[in-house]
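The exercises below concern charged side chains and their surroundings. Work through each task before reading its solution.

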Amino acid sequence: MKSFLRKTYNINFDKILKLPGYDIENFVGYCGNSKYIIKKYLHSKNIINQINSENALLSHLNLRDSIYPKPIKNRNGEYLGIYNNGENTYVVRLLSYLDGKFLGEIKQTKNILESLGSFTAEMNKSILGYQDLFISSRVWQWDIQYLHLNEKFINDIESFRDRKLVNYFFQQFNEVVIPILPSLRKSIIHNDLNEWNILCNDKGVSGVIDFGDIAYSQLVNEVAIAMTYGAYDKDDPITNSSYILSSYHKKLPLKNDEISLLYYLITAKLCMSVCNSAHSRKINPNNKYALISEKNAWKTLKKFIKYSPRFVENKFRNCLNIESKKTLNSKKIKSERGKIISKIFSLSYDEPIAMERSAFQYMFDYEGNSYLDAYNNVPHVGHCHPRVIDAASKQMKKLNTNTRYLYDIINMYGGKLLKKFNKSLNRVYFVNSGSEASDLAIKLALAYSKNKNIMVMENGYHGHTQRGTDISAYKFNHPKGQGKKDYITVVPMPTKKDFENENNFISETIKKIKNIAAFICEPILGCGGQVPLPKNYLNKVYKEIRDNGGVCISDEVQTGFGRLGKVFWGFELYNVVPDIVVLGKSMGNGHPIGAVITSDRIASKFSEGVEFFSSFGGNPVSCAVGSSVLDIIEDEKLQDNAKIVGQYYKKELQKLKNKHKVIGDVRGEGLFLGIEIINEKNLKPDKKLAHLLKNKLREKYILVGTDGPHNNVIKSKPPICFSEEDVKLVVKSIDKILCKL
């Protein structure tokens, strides 16, 4: 190599040291007091065109400033040399050496970051209007506008949970950014202002190196990349990236649309980084340079998922002294709702929240606030899970029809779902909600049994249909409720004493079993206040129901699909197998789908009657969504997560109970928990304090609900991707609120 350089460039190097590089070989060559950068590329026509374009751009920039590397000509007056080592042919070029410390080596103060913004703007101004055919035609994965070219690397990310994060941001980019891209300003840009390409001195940024990623791209991508790398190792990346943005904007003002996209461009760049790091680890695990930024990229990406895009945009607008994006007024929305929607539809909290977006366990309102959702069990695997969205979108583009036609996805999903049950439960009826499923379950029971009555549990809830209301003591026993129908038998919900005297409690229940066609019960009573059942209750009651010609129904609408952690279905807690199972809510992660699972024995009897048909039950889109939910639970090990995080949650809440006398009980399983709030003087249910606590948590941007017969139980049933970090925030916030009361 030394000999080749001496002959080609007439420079006799004393020594040559190799530098880290991503996909080319870089060296620093020493010749007396002078230093040069030597770059070595595997020979190809494309690489020669690329290097020629780089050199031309650098020559253009050096006409104005000497803060960029200068291409060095060889003896023949050319910038490139061809080198053959006997095995391969390489292209070699020399560049001047720039002194300075890398941005990644120094403390990144406000002044340094502002200097970076100004430097970037001045560089972009120097390039505006510059043209190069090769650069303009370049289409590759490191250009943000071609983010989709990185999709092929997503599966190289080892963790399913990390993949979902990247997939989410890809979907957001496609939804928000892609439609606007054609209208944005374009220019040739450096395209890789990372912390190891930016040089600094005592005064600030002094130079930039490595123009290998140059692209003809949206101008705003340049400052977005600088903001990403200039602040992604900070505890507050928004504030620190704002320093870069504001100084850039002073030199080269951004347009309104460009500012609105910065959140998505920054996260896109981070996704590109982690995707390529994952791919590099797979094909070349020894290349540590390719992985150098990975840890910080993941750290920042996981921070950005907690930020509302509106919050970030308004933060950036504020730093530029530009008016914040207009928000929808929650009071106005509430007023308009009152004119259209019946008042019987209740709203949560004293100050209802106008929600705009959501992601996994976070929800974002129109003012840009982020809420930790510790309450909403409908988005079971997380709000806006990209795999659910993708499944629905793909199927919707192909076929959506009713079950009078043959299509294979209903067989695939039905079979996959039935594998989660005992072999005796081998028939599925698809409907649109848990309420419909409860209604159908009673029809099945009445068709099978010669008995006519339905036994339900006190404070049980099974849906909003007429039949659902008939069998929901939570509804019909309400002061405004319809009252109990004659064919309904109500058995008591267990109290703390009943767990101590389990046999007596069970005996009292069994005494009421007369002419019962079906007994329907939740494994843990949600609307009852997250109340579990005594250990042997279902085993003995189920036997008695069956011995008397009835069937047993388990309502798993809230407790199913791994939410309880220890088990996939709530009835498994008690080592029983019901005759009919009711499913809904979490089954579709927010998509309207429900199901009834039963046996051949019961299904055959029901088939003797009038045809059953549901226009949308079991449609291809619903089946695709349901199937994706099952896959996500398994791939992301979310049942295990519900178990581990749920046990931690319950343990931490027990500590709170020991500290605060107003907490009477902590109960439930997995991520289906209830915190009973009582008056510490008389130990009676304290509805007012529970209501206050719920609203105080809302003020701290944490969402929980209240329930139970006295509405004094704080219920927490979050998406099962909830983390221990989330638990700490909830518990710490409850503690602070109670300490101030």
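The model is predicted.

**Exercise 1.** Locate Lys 700 relative to the secondary structure, and state which surface patch Lys 700 belongs to.

Solution. Lys 700 sits in the loop that runs between helix H24 (687-699) and strand E26 (702-703). Its relative accessibility is 35%, so Lys 700 counts as partly exposed. On the surface, Lys 700 gathers with Lys 732, Lys 736 and Lys 740 in a patch of positive charge.

**Exercise 2.** Determine where the partners of the salt bridge between Arg 310 and Glu 356 lie, and whether each is buried or partly exposed.

Solution. The two side chains meet at 2.7 Å, N to O. Arg 310 belongs to helix H11 (residues 309-319) and Glu 356 to strand E12 (residues 355-359); the pair, 46 residues apart, links distant parts of the chain. With 7% relative accessibility, below the 20% limit, Arg 310 is buried. Glu 356, at 28%, is partly exposed.

**Exercise 3.** Describe the placement of the salt bridge between Asp 390 and Lys 394.

Solution. The N to O distance is 3.2 Å. Both residues lie in helix H13 (residues 386-396), 4 residues apart, or about one turn of the helix. Asp 390 is partly exposed at 32%, while Lys 394 is exposed at 51%.

**Exercise 4.** Find which parts the salt bridge between Glu 676 and Lys 496 ties together, and which network includes the pair.

Solution. The closest N and O atoms are 3.9 Å apart. Glu 676 is in strand E25 (residues 672-677) and Lys 496 in helix H18 (residues 496-500), so the bridge ties together parts 180 residues apart in sequence. Shared partners join Lys 496, Asp 665, Arg 667 and Glu 676 into one network of salt bridges.

Technical notes: Residues are numbered from 1 along each chain as its sequence is written. This is a predicted model: local features need pLDDT of at least 70, side-chain atom pairs count only at pLDDT 80 or more; totals for chains, interfaces and linings use all residues. Side-chain values use heavy atoms; hydrogens and water are left out. Patches are made of residues with over 30% relative accessible area and no salt bridge: like charges are joined within 9 Å, nonpolar side chains (Val, Leu, Ile, Met, Phe, Trp, Tyr) within 5 Å. Accessible areas come from the Shrake-Rupley method with a 1.4 Å probe; for residues, only the protein chains shown count as cover. A salt bridge is a side-chain nitrogen of Lys or Arg within 4 Å of a carboxyl oxygen of Asp or Glu. Lys and Arg count as positive and Asp and Glu as negative; His and the chain ends are not counted. The place of a charge is taken as NZ of Lys, CZ of Arg, CG of Asp or CD of Glu. Helices (H or I, at least four residues) and strands (E, at least two) are DSSP runs, numbered from the N terminus. Buried means under 20% relative accessible area, exposed over 50%, partly exposed in between (1.4 Å probe, protein chains only).
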